[in-house]
Amino acid sequence: MSVRVRFAPSPTGQVHIGNIRAAIFNWLFARHAGGQFLLRIEDTDRERSTPEAVQAVLGAMEWLGLTFDDVPLYQSTQREAHLAAAARLLEQGDAYRFAKGGEGAEATVFRLPWDAERVPGVVVTGTCEISVHPDEPVIIGREGVRYAQISSKGKPVAEHKCLAGFRDLEVLDAGESVRFRLADKIDEILAGRHTESVAGAARLRFTRRSITYQDQVKGVLAKPLDGLADFVIVRSDGHPVFHLGNVADDVTQGVTHIIRGDDHVENTYRHLFLFHALGATAPQYAHLPMIVNAQGKPYSKRDGAAYVGDFREKGYLPEALFNYLALCGWSPGDDREVMTRAELAAAFTLEKVLSSPAQVDLTKLAWMNGEHLRRRPVSERLAGCRADLVAHGFWQEGMDEGYLLKVIDAMAERIKLYTDMAAQAGFFFTEDYPYDEKVMQKRLRKPGGREGLLALREAWAALPVFTAAALEEALKAAAAAHNLNPSDLIHAARVAVSGMGVGPGLYVMLEVLGAERVRRRLERTLALVPAA
RNA sequence: GCGCCCAUCGUCUAUCGGUCAGGACACGUGGUUUUCAUCCACGUAAGCGGGGUUCGACUCCCCGUGGGCGCGCCA
């Protein structure tokens with residue numbers, strides 16, 4: 001069977017990187033297998049779903065190159081199908097109607113099957129006994145078993161679990177005598193015609209059954225049925241609930257593998273029963289570890305950029321974010337790190353997905369962005385750098401493209417983000433560049449500072465060609481003639497023409513600026529450095 | 001509280017019982033540039049603790065510790 005996976009976000013706000021990472025893993029898995037990657041918009045939460053949020057999802061996916069197959073399925077269009085599924089479950093006896101508190105409108109509740117053994121993955125794990133608080137009655141009815149656990153302080157703690165969790169249930173009192181045997185009343189209870197209340201119980205004895213499945217990332221996972229409760233699938237106001245819609249849509253979309261965050265593992269046990277009750281084969285599941293912050297807590301807005309849009313705004317490349325996120329919880333198994341989407345897809349397998357959480361390291365992301373930046377075609381780099389210069393007023397339409405290109409070439413090795421351009425190379429484009437006062441103090445506002453600049457002005461004014469090599473030769477000659485250290489002149493020149501203490505190699509920088517700009521800038525700086 | 005999951009350098013990771021525990025980011029040192037940076041080379045740095053199993057354990061099992069997730073008529 002050909003692979004079909006899906007990304008199923010609920011459009012309730014911005015797209016979190018944890019979510020988009022799940023989309024990336026699904027995309028990688030699908031592309032690796034030559035299968036289909038589907039998009040489903042789970043927009044049934046009328047209160048919180050917005051068209052803007054849908055656009056945010058679509059925009060983020062397009063930006064990252066997460067191409068999907070087929071048209072997106074909007075879950076809100078499936079309402080009738082969901083209700084039909086609920087009706088079917090009701091008819092089959094896999095669900096019942098129930099009003100909380102016994103009054104008002106009834107919700108539809110899915111019943112974990114009493115004959116659970118017919119569901120693949122359910123196993124009997126043996127006899128189990130649990131202590132219950134004698135002050136609270138044990139109530140056994142169609143909706144399950146209610147009892148009170150005993151807390152460490154001896155207080156009763158209410159529990160409500162599904163009937164299916166308690167096969168062969170016997171309620172015992174402190175004297176070991178059986179006060180109630182489920183087998184005696186099971187038919188009436190299942191039919192909702194009887195509810196048993198047992199006072200003064202001390203223990204519950206029953207045959208424990210567990211639901212198990214093979215998670216493609218975490219291995220065999222299991223959950224005792226007495227840890228599960230029946231759950232609502234259609235609210236009393238008639239709206240289908242997440243569990244129903246999610247599973248029903250996976251059936252209609254023919255999803256073969258569900259790859260999602262491991263905050264969903266508990267849902268998986270429920271969904272396994274739902275798939276079976278709906279007459280479908282359950283898909284394979286793979287649960288991804290979460291991404292966390294430096295404190296090991298779920299990564300959030302407070303940890304810096306958390307939404308796809310934040311990274312885009314800060315100037316990160318989609319290739320870099322994609323690459324970085326793919327490496328959070330997965331590795332190709334060799335030492336490769338900087339990879340293209342195609343390389344990632346070729347190398348991707350669920351086998352290599354880790355099961356432990358990964359911390360986001362923005363520093364490494366920035367490094368990776370620089371690596372990708374350097375691999376982009378010149379035309380794209382030009383556009384990216386120009387955009388940042390435009391945004392900061394350093395560049396306007398009609399200015400010299402050839403000059404821009406030379407600047408970018410000089411800066412290419414040192415910037416990690418396009419958005420570094422304005423701050424690091426803005427001085428190339430304005431004669432009104434600011435001076436870093438600390439650097440001025442260190443390099444120019446000192447004895448001999450002015451003399452150095454004068455020497456440079458004289459040496460460079462006479463140059464027939466304004467090239468890096470000629471500039472270097474002239475600077476060194478001037479240093480020797482004035483009995484100065486060349487490095488003093490180098491630093492003085494840098495701050496004079498750029499206002500900064502850091503930048504590209506000096507001679508290249510000067511050549512790019514050109515004779516006229518350099519001359520003007522020396523004059524401008526000279527005016528600020530009076531004779532001692 | 002109960003259930004489930006997780007645990008290798010500061011961080012991302014390799015290792016699928018036998019390795020000097022490898023790579024990358026970051027950091028440090030040195031070299032190149034009589035240049036801040038880049039670049040290059042080198043270096044510091046790890047198997048949570050305790051028990052087993054085994055000739056041998058980072059790797060398998062158990063207990064502990066720490067962390068995460070779940071326990072809605074939210075998704």
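## A protein chain and its RNA strand

In this predicted model, a sugar or linking oxygen of RNA strand B is 3.4 Å from an N or O atom in the side chain of Asp45. That is a polar contact, meaning a pair of N or O atoms within 3.5 Å; within protein, one atom must be able to donate a hydrogen and the other to accept it, and residues adjacent in sequence count only if both atoms are side-chain atoms.

| Residue | Part of RNA strand B | Distance |
|---|---|---|
| Asp45 | sugar or linking oxygen | 3.4 Å |
| Glu472 | phosphate oxygen | 2.9 Å |
| Lys476 | phosphate oxygen | 2.9 Å |

Now zoom out a bit. RNA strand B is surrounded by 60 residues, and the closest are Arg235, Lys297, Gly329, Glu337 and Arg494. A residue is near the strand if one of its heavy atoms lies within 4 Å of it. Of the RNA atoms that come within 4 Å of the protein, 72% belong to sugar and phosphate. Which element gives the most to this surface? That's α17, with 5 residues.

Next up, the rings. The structure holds 14 aromatic pairs. Rings of Phe, Tyr and Trp (its six-membered ring) pair if their centres lie within 6.5 Å; planes under 30 degrees apart are stacked, over 60 edge-to-face, and the rest tilted. Phe25 and Phe348 make an edge-to-face pair, 5.6 Å centre to centre with 85 degrees between the planes. Phe25 sits in helix α1 (residues 17-33) and Phe348 in the loop between α9 (341-347) and β19 (358-359), so the pair ties together parts 323 residues apart in sequence. Helices (H or I, at least four residues) and strands (E, at least two) are DSSP runs, numbered from the N terminus.

A few ground rules: residues are numbered from 1 along each chain as its sequence is written, while chains are lettered from A and ligands numbered from 1 in the order in which they are written. Local features need pLDDT of at least 70, side-chain atom pairs count only at pLDDT 80 or more, and totals for chains, interfaces and linings use all residues, while side-chain values use heavy atoms, leaving out hydrogens and water.
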